[in-house]
Amino acid sequence: MNQDQIRHYLQMYLVVGSVNCKASDPITIVKAALSGGVTLVQFREKGADALQGADLLRLALQIQALCRAEGVPFIINDDVDLALEIDADGVHIGQDDENAAEVRDRIGDRILGVSAHTVSEARLAVQHGADYLGIGPIYPTHSKDDAHEVQGTAILCELRENGIHVPLVGIGGITEERAAEVIKAGADGVAVISAITEAKDVHETVVRMKSKVGNTLRER
Ligand code: TZP
Ligand code: MG
């Protein structure tokens, strides 16, 4: 997949798992988010109450079917075996997961996203074949227990100034109000859990956030 396509998919990126869906069930939330125009969905089933085994597989397949019907890429967090088993469109891995170069070998030309926190982690991930980098947490987040230190938008500027030109998506505490500053700092899109999964109106929140991202990208 070329970089322009990847940049497009990063614009309004939903990260979701059953643990994040307290107000309503994950299927209802994903349907509303897709109808609002999310451009990519990452299935991230983590935490003490995370689904396992057949329940995990069932939910992954259900969300994948919804994404396929809308032509939206569906990627899996961490679990390369699951991604291959269900023929997902890609995987997203962190610095503590399987080595990015090995994952690239295993997944062929599927999308590979890698979380990076420094210029050197970013350079290495690109060398290892990452299609895009997830950068954060940009702001404080309550959705990840083992989150790194908050980085602010400065990390995005720093990466761009240091020659990292691959597609970047910001993550961590991003809300409608903060989306524009993440894009202005150099991200191609915003990855969001709670601002969408906990929204009163998921569809409308996605519509508004996506239009902020789109408008800011055009002005940049
Ligand atoms: N990685 C860095 S921050 C984060 C992840 C998965 C959580 C993002 O969730 P939220 O609710 O959008 O802050
Ligand atoms: Mg991980």
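Start with the shell around ligand 1, which by class has four nonpolar, five polar and two charged residues (Ala, Val, Leu, Ile, Met, Phe, Trp, Tyr, Cys and Pro count as nonpolar, Asp, Glu, Lys and Arg as charged, and the others, Gly among them, as polar). This is a predicted model, in which local features need pLDDT of at least 70 and side-chain atom pairs pLDDT 80 or more, while totals for chains, interfaces and linings use all residues. Residues are numbered from 1 along each chain as its sequence is written, chains are lettered from A and ligands numbered from 1 in the order written, and side-chain values use heavy atoms, without hydrogens and water.

Select the surrounding residues: Arg44, Pro137, Thr141, Ser143, Lys144, Ile171, Gly172, Gly173, Val192, Ile193 and Ser194 (a heavy atom within 4 Å).

Next, show the polar contacts (N or O atoms within 3.5 Å). Oxygen atoms of ligand 1 lie 2.4 Å from a side-chain N or O atom of Ser143 and 2.5 Å from one of Ser194. At Ile193, a polar backbone atom is 2.9 Å from a ligand oxygen. The protein covers 93% of the 380 Å² of accessible area that ligand 1 has on its own (Shrake-Rupley method, 1.4 Å probe).

Now move to the aromatic rings. The structure holds two aromatic pairs (ring centres within 6.5 Å). Select Tyr13 and Tyr132: their ring centres are 6.0 Å apart and their planes at 70°, so this pair is edge-to-face (planes over 60 degrees apart). Tyr13 is in strand E1 (residues 12-16) and Tyr132 in strand E6 (residues 132-135), 119 residues apart; strands are DSSP runs of at least two residues, numbered from the N terminus.

Note on methods:
A polar contact is a pair of N or O atoms within 3.5 Å; within protein, one must be able to donate a hydrogen and the other to accept it, and residues adjacent in sequence count only if both atoms are side-chain atoms. Rings of Phe, Tyr and Trp (its six-membered ring) pair if their centres lie within 6.5 Å; planes under 30 degrees apart count as stacked, over 60 as edge-to-face and the rest as tilted. Helices (H or I, at least four residues) and strands (E, at least two) are DSSP runs, numbered from the N terminus.
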